[in-house]
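Subject: Structure for you to look at

Hello,

Here is the structure I promised to pass on. Please open it beside this email and follow along; my notes come after it.

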Amino acid sequence: VARRPPGPVSAGDLTGAWVCPHGGGEGWRTWVSVANPASAETTVRVTTFSEDEEPAMMAVTLAPRSSQLVAVPAASMAAASRVDFFGAPVAAGIVAARPGDAGLAAEPCTRSGRRWRLVDGTTVRGQRQWLVLANPTAVEAVADVTLVTEERPIRPGPLRGIFLPARRVTAVQLNRYALGERTLSLIVEATLGRVTAGLVGVGEPDGLREAVGMRSDSGTWFLPGGGDDGPGEVVVLAGARDAPFRLRVQALTGQEEVLDEPSVDAGRTATFDVSARDASIALLAEGSAQFVAARRFHRREAGDLASTAGTPGEGNSWVVPPAVPDGGGRQLLVVQNPGRQQITARIELLGASGPVRGPAGGRVTVDAGRSRVVELTPAEGGAPVAVVVIGEDGPVVPASVGLADEGFAVALGVRVESLDRLADELSS
């Protein structure tokens, strides 16, 4: 249950919390994006935790239908932030930039839980892979971590029974336990308390990507994307009880399927090359098989990688966090239509002071089984904006793409229905 901030708050106000396992490092600039899609003002408190230091706290007030980037301290990889809201529920996301324009990353924030599946890990040469494990609650937590490669699960002794004091974060460099693995997925289980987990990938010399953990698997996975100009990859972690199964592509790019029905073994993980560029993907498992998936994007022009953990479900109402830093940049919106009929989506941009005029008269039409990439950058210098996306005649899956001096990033949207559930759960 979230604490209330100082000052009068009525008993009817909603409270809730997001958790952002963003990591960090020397010279990194890191922000938590907060967006208020409601017509009422809301108060937000951002608290950043680390491994050894006392939490740092900042409070902001969000005007109706507005968004802000809140700078947070992130001097080491063991860093995560908690976003508490008091009033209208908000959406929250991560934006992180390495020093010297050496990489940009963005992802939505998530919640605390007891079991997490994380994909998008790799420990090949030139890639350092970190697990950021946070305990944002007021009680102690203990977690076990299992590494899964294409060949086998690995259960290193130091990753069993990881102790996390209240409001503390730890970071694990995974290269120490599984070096040279093209595919490295994780299963994190809290044996005491609740935790939040995220993956941070650092390329050398350039590149940065982040992917939050997923709490459940599914037989269908949506991976919107765009802005990439190089080879891409899809990473899959299969359920432990599923026999080897095949994946097929539901969404198409142009007239070509982007995957050729690859096979995945039970309880294993795999990486598949994809030919889709500036396009979205939907994966469907045969039979009753369940899996979790993520997608990596390459932007040669920026010398940077991006990734997103994707989502198992489409929805009609979304808030999409920005994927550019506070200095701004080129912003794109991807709207994926997983259905079998054309849909129209209404979009509204949320700026720092309120709504900002959007493109195409505020509506975007997307053909069945396709996606559309829309230029969002507002006239006032590309200042970061969040986006409300509403499918007027069918469900959609949106994401934001950021192209800035710092690099290239992709961030999935947050379903508005989940905002309501979050507030209901955490205010009880």
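**The disulfide**

Searching the whole structure turns up one disulfide (a pair of cysteine sulfur atoms within 2.5 Å). The model is a predicted one: local features need pLDDT of at least 70, side-chain atom pairs count only at pLDDT 80 or more, and totals for chains, interfaces and linings use all residues. Residues are numbered from 1 along each chain as its sequence is written, and side-chain values use heavy atoms, with hydrogens and water left out.

The disulfide links C20 and C109, with an S to S distance of 2.1 Å. C20 belongs to strand β1 (residues 15–20), while C109 sits in the loop between β8 (104–108) and β9 (115–121), so the bond ties together parts that are 89 residues apart in sequence. Strands here are DSSP runs of E, at least two residues long, numbered from the N terminus. Because the torsion about the S-S bond of C20 and C109 is about 105°, this disulfide is right-handed.

Strands of a sheet pair through backbone hydrogen bonds, in either a parallel or an antiparallel way. In this model, four strands make an open sheet, ordered β14-β10-β16-β17, with antiparallel pairing (two strands pair if DSSP finds at least two bridges between them). β14 (168–173) and β17 (208–212) each have a single partner strand, so one side of each is left without a neighbour in the sheet.

Within the sheet, eight bridges join β10 (residues 127–135) to β16 (residues 196–203). A134 stands opposite T196 in β16.

Regards
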